[in-house]
Every structure is written in C-alpha cells, then in structure tokens.
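Visitor: Could you take me on a close look at one part of this model, and then show me a few other spots worth a stop? I would enjoy a connected tour.

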Amino acid sequence: MLSATKAQRACPQCRIRLLNLFENGFVGLRPDSPRTLSGPTSSSIRAPSSSRSNTRFFSTTKRRFQDVQPESQPAKPSDMETTVRQAKHAFGDTLPKGYLSEEEFKLYERLYGAPLRETQPEDVGMPTSDFAHDDLSSDPSSQVLLRETEDGQVEEFVYKSQMPAPLPGDLGQPVAQSTDLSSTDGADSEELPSEAGLSYITAVAKNRREYDALLKLQKDFEASSIRAAEEDEVDEEDPAEEEEDEYEDEEDERDEGEPDATFQSLPSRVHEYTKIGQWRTDPTTIHLPKADFVNPISKLLDRTDIKHVKEAAEKAFGGAGLPNSVATPEAKKNFPQKAVAMEAGHHRMNEIESDAYIATNLPGMYASVMSILVEIRKRLGSQWLSQLLSRGNGEGPHVLDVGAGGAGLAAWQQVLQAEWDVMSEGGKKPGHEPPGKKTVVVGSNQLRERISRFLHNTTFLPRLPDYLHSGDRPDMLDSSGKPLPRKSYDIIIASHLLLPLKEGFKRKVLLDNLWEMLSPNGGVLIVLEKGHPRGFEAVADVRSRLLNEFLITPNLEPQPNQIDIDERRVREQGMIIAPCTNHKECPMYLTPGLSTGRKDFCHFSQRFIRPPFLQKVLGASHRNHEDIDFSFVAIQRGTLPNTVAAEAPEQGSGMTDRAFKGYEDAAEQPHPLSLPRNILPPLKRRGHVTLDLCTPTGNIERWTIPKSFSKKAYHDARKARWGDLWALGAKTRVARPIRLGRGGSVPNDGGVRSREAAQGHKPKVIHLDADSTGIYSAREKTKRHGPAPRRTKGGKKAQLEDLIKELREEGFQ
C-alpha cells in the first residue's frame, strides 16, 4: 500500500494535492491555479527525526484536528449533482422518502423525471425471504450446530459469535452515532434490523446517507412483518370446540357470506356431454412417474455405457430410429410392417439386450396402456374400480401383464393409486396401500432381475399358463386326478402378442387361453398392437372372433348358415368397452385377413415425454416428446357381482339419427354406446369443422359442423380431438369412402383400383399374326414393364408402310 513516506522527496504542494486526491476521490475536482515556490522555507524543510512522525497511510478518512470543529458549508452544484446520480444508481426508478433535499429533488426531476414510487426492500435486493420474526427474541449472535456423539446420536451445540460492526462514517461523523438511528422507532426497534439485513446494508451502502436510508427501510419492513405475524397468531388461537362448530356450519356460512379468495382453474367452456366423451389423459401429454419408473430405470442403465445400449437397440429393432420397436418413427412408416422384434417372453436375452428392451419399449408401452386404462375408467365409471377394491375377500383386483414387460402394471398402479386417493377423500380407504395382486410374464432371468427393481410385490411367471387342457375339461387331462384350481384375473393386458404369430391357429389358441384366464365376473381383456395396418388387422380379427363365438352382445343378430359343431363354445354376456360404440361387423375389416394397400384403419395416438435414457438411445436433441400409435380393443366378460349390469342402448339407424340431431339441449345424459367416435383427427377449416366418425350403426360417415349450425357445437368441434365421442350433432353428413386396399370388398373406396373396377372391364385387344396359309399366332395386348421401344426416324407411319410393303410381297392385295 502507498504511504506518505514514498513521496518524501516530492515538493510539499504536490504531497498535499495527492492527499486530497485520495481522500476526496476523483469526483468534483477542479485544477487549482499553478503556484510558484520562491525557494525552500523553514516549514518545508523537515528534520530527519520528524520524518517518521509525518508518515501517514492513504485512506478515505479526512484529516481533522481534535480542537477544531467542522464548519458547515453550503453544498456545491457539483456535489449536489453527484448525490443525485448516486441516488439514481442506488435506487433505480424509485426513491426513499426524504432522501433528497428540496433542491436535490428538483435536480433529480430535471435529470430523470419524477420517481415511480417509494423504494421497497425488493427494489434494492434486500433479503426479505431470509427474515424470520420468530428468531428476533433470541440472541442474534447465538448459533446452533449439530454434532455427532460417540454413540452415533446427534446433539445441538450452541456457540457465540461477534456481531459485525456497522459501516464507519465516511463523512466525518463518528461511528457511535449509528446506534442512535433506531431511537425514533420505539422500544421494539432496538432489536431491528435482523443480522441478515444489517450485513447486507453494511456491504452495499456507499455513504452515510445511503446507509441511513437502507437501515430505515429494512426496519420498517421487519416491523410490519412482525405485526402481521402477531395478528395471524391471534387469529389461530381459537379453541378446538369452536372449530368443530364452525365445521358443522361451514356450508351455511358459505351461502350467507362471500367466498374466500382462492386460486382456481378457469372453468371449461365446452359442453358437459362433450367433456364426458373426451379421449385424453390429464394432462394430455403423459409424464412418466420419476420416483417409481424413470429413476429406477436410469439408475439401472447407469451401470452400462449408453453407447453400447444404443448399438444393441439399433441392432435388434431395425437400425436408426428403431422402426421395429413399440413406436414407429414418421420417417419409417413406409417400411415393412413388422412386429416388435424383441418380446418380454423371450428366454434367451443377455444383459445388454435386456437393457435395450427396457430403455426402448417400456416408456412407449406405459403411455399406450395408460391411455387405454383411462378410457376404460371413463366408460365403466368409478363404480367399477371401487367395487374391485372393496370386494368382500379384501384381495383387491388381480392383474396379469402379458407382453408389456411390466409397463402395463406400472400404468395400472398409477390408475389404482388415483382411485385409492379419491376413496380416501370420502372416508372409504383404510390406512394401508391399495390391495391387489400383480403378475407379469417375463421369460429371461436377466430381464426379470431388472424389472423387479421398480415392480414391487409382483409375481413373475416364465411363460403364460396353459388352461385349455385343464380346469373345466378334466377329460382332457393326461392323468386321472382332479384338475388343479386355475387362476382368474380381473384385468389382462395382452400387449404385442399377435403379430409375432404368423399362423392363424396359433392366434386362436392364444385367444382361447387368455379367455380361460379372464374372470367371468366382469373381467376386462385388453388386446393391444402397433398402430399400423397389420396391427389393426390382428386386433380386428380378435374383435370379430369374440363377437361371433364368445359373447352375447347387445342386439345380437343371428348368423346365417351356421355350421353345427359338436363342442360349440357357450356364449356369455359381455360387451365392447372401447373404442367401438357398436357390436356389429367392423366397417374397416369387412374381409378377414391381410389387405395390401390399406389406407384407412382404426388406430389412436398418445403423446408422452421421453425419459433422458430414451433420448440418448435415439440420439434426439431437438424435441423430447414422442407420439405413439396403437390399435386396441377392450372387452368385458360378464358383470361384477352385486352391481347392476350396464344396459347398452338399442343400436340402429334411429340411434345414429338421434346423435346427428345432437344432445345439446337434452336433459338426460346420452349413453356412450349411442354416440359416434372420431376415428381420425378433425379437419378444422375456417367457418366449419369436419369430423370422420364411426357411428353406432357400424358405418363411417363424415359430419360437418358449420358456425351457422350452433355456436356451442361449433366451439366444441374446434376443441375436439382424435378419439373423442361426439354428442352435439351436425348439420350435414355423408358416407365416407373407406380405402381398404386390394382385400377390400367395397366397390368404391376412393382408390385407383376401385375406380377402374367401377368403370367395368375394358375389352381385350388380341393381335393376330397371319400369312398366306392363315393365322398362325395370337397374342393379347398388355402393358410393357420394360423400357419403351426405340423411336425410328419415320415414326409409326414408317412402320405401317413397311408392314404394307411386306404384306404385298407375300401376296396380299
């Protein structure tokens, strides 16, 4: 640090100017007139003995004699402008009350305009959130620490610390004067401000005036906080008896007085029946549960480099983008439509393949199953789940996950927990977790060990049990003993099981086995496949067989020319829950089997947020969500005991006509099976909305809702989404042609082949080759698939002349 001793050889006048420069700063200095020194004087000549006494360090404190009092001098214009600029820099567009004098305030208005308002603590960054009024009564210098004892327990350790000294005065005022600043705030203000506020003021304030303003501002804030906290404590000191009386009369008081100010979500503007028919989760984009699903899988995958997992996934699921996984990327939809390349029931799966299966398939399976379960819950109502949870034996629902690798059980657990929480609000839930038994089919030991990390209280089966040769058919047993008791499940989630089976008889055996394991008392079977034409055809085949062989559906029509079989299956009561609103032949699956060139098929979509490990496997960097397409059917077998069976309305042309008129002004809520469903995204145009609907009569129609039809219907139609049920009618409707491909039996489906077939067969053109002996060959004119013939110089005219010349030479006239 520089000191006066370093400038001893300088002239006295220069030393004085240097001292004034470091004491007063660089603001407001004016160059003095040059002075000449005639020669050294006695005052400028110092003895060597007195040089040490004159040594003085540079500081920001002015030199003053003790016997001389400072004289008050009028403020200079330069000093006034400096003060105003410092106030603007410190407080911004606000200003503390009384901070500037009258003349300074006029200068402030001339330079910056009038301040917006008085300064608040948050305007200058004071620590308002760190202030706690409960700690003011205690000694601010006392601190508490926690230390571990010898026996492993934790005890509190109190120690004392010295309070930080206030900012020293830089304008010549003694430091002791700062203790008198709080005398005007009353006796309670002696303990204010808090330690955090005082430390902040000491660090921020640049001069005495700013220090006083900030100190007063902090005191006012803390004093008002204390008064508000004391008033709240007084209000809370009510006896318990008065609280019970107030709770009993709470509804009456709400009706008499004004409601409390609370933050509530804006009410939905859509019609009540539109809201009931909506197909969507809340929120519409599914966020995978972190604690129960994402974090355990992420921790599991941390053991392996994600690069190896990505390589294994691309090798198993068809390369970049994973087109052969559960989700099909938009750029790979024209690729061959294959099944999921790796199944959960595979017995030969190494560790890296197990990691790849979990990272790529489970998130998409979770999102699709969650969307289906939410729709089933809406269609069956809350009574369905509450009856399963409160059955007499107390076991709860039994759920079987086949093919989803545990993702279906994870989604079911979330739906079950939500219903359990709703029951707790009505006082129905006891103090334990929701009951139930969960079973999942996993073939590989490596995959089973990984899935057990996030699926607790779950039974793992190496393969699907075979109940076709046991149970109700003891004559088909190999031994003469009694058949073993078979298990039945209330919900069976069969995910991506049909496409890997190419033969039709294997699919029939699988469906029969699943039906045997389904509970006849209201069991629900969910069949799920990928959302492409081959997946839809597999699901539609299951739907057709269930309706024709297994169920007594509403308005069952007799099947013509039925073949009598010795062991005919006994039909049972049941119904389709979703997505169909009719129990007739599917209009998109009129011809069984595969249909090449199919453009229209029933499928749905669900968006979910990708977890971080899936983002890394896909190498995605621009978006973190994904839309997964799937086709499904959910069917209920029988009804739950002690419940009223859901009666489906009579499905016919009259029900479709009633839905076309709309239920906007209807007093009674329409049945879900009497409403059409959006099978494609709505076409929203200016002034009208077009919906492609599957009606209760089993037809695909296009309904148009213009603005002139109904203001409410037009508003709700613009809010409609893919998969919603529509209840508000339309103005016009037409039959929508269905493009079923080559296997379709519809004569006019809108495609090129159907238009050619509608025009009729063109006459065949036969070319005859003849000579003088007669016709020796004939050939049909067909389209050439090879390269076009080379054109000659004369063209067709030259070819014709050559042909005539050749015929004349052979004797033809």
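Visitor: Does S444 count as buried or exposed, and at what relative accessibility?

Guide: Happy to start there. This is a predicted model, in which local features need pLDDT of at least 70 and side-chain atom pairs count only at pLDDT 80 or more, while totals for chains, interfaces and linings use all residues. Residues are numbered from 1 along each chain as its sequence is written, and side-chain values use heavy atoms, with hydrogens and water left out.

S444 counts as buried because its relative accessibility is 0% (buried means under 20% relative accessible area, exposed over 50%, partly exposed in between, with a 1.4 Å probe and protein chains only). You will find S444 in the loop between β4 (437–441) and α14 (445–451) (helices, H or I of at least four residues, and strands, E of at least two, are DSSP runs numbered from the N terminus). N350 is 94 residues away from S444 in sequence, yet the C-alpha to C-alpha separation in space is 8.1 Å.

Let us follow the chain past α14. N457 sits in the loop between α14 and β5 (458–461), and has a positive phi of about 55° although it is not a glycine. N457 counts as exposed, at 75% relative accessibility. H496, in the loop between β6 (491–495) and α15 (504–517), also shows a positive phi of about 55° without being a glycine. In contrast to N457, which is exposed, H496 counts as buried at 7% relative accessibility. As background, most residues other than glycine have a negative phi, and most peptide bonds are trans.

The one from D282 to P283 is cis, with omega near 0°, and P283 belongs to the loop between α8 (272–276) and α9 (290–301). Another cis bond, again with omega near 0°, runs from A578 to P579; P579 lies in the loop between β9 (572–578) and β10 (604–609).

Our last stop is a pair of strands. β17 (residues 766–771) and β18 (residues 774–780) pair in the antiparallel sense over six bridges (two strands pair if DSSP finds at least two bridges between them). Two residues separate β17 from β18 in this hairpin, and I766 stands opposite E780 in β18.
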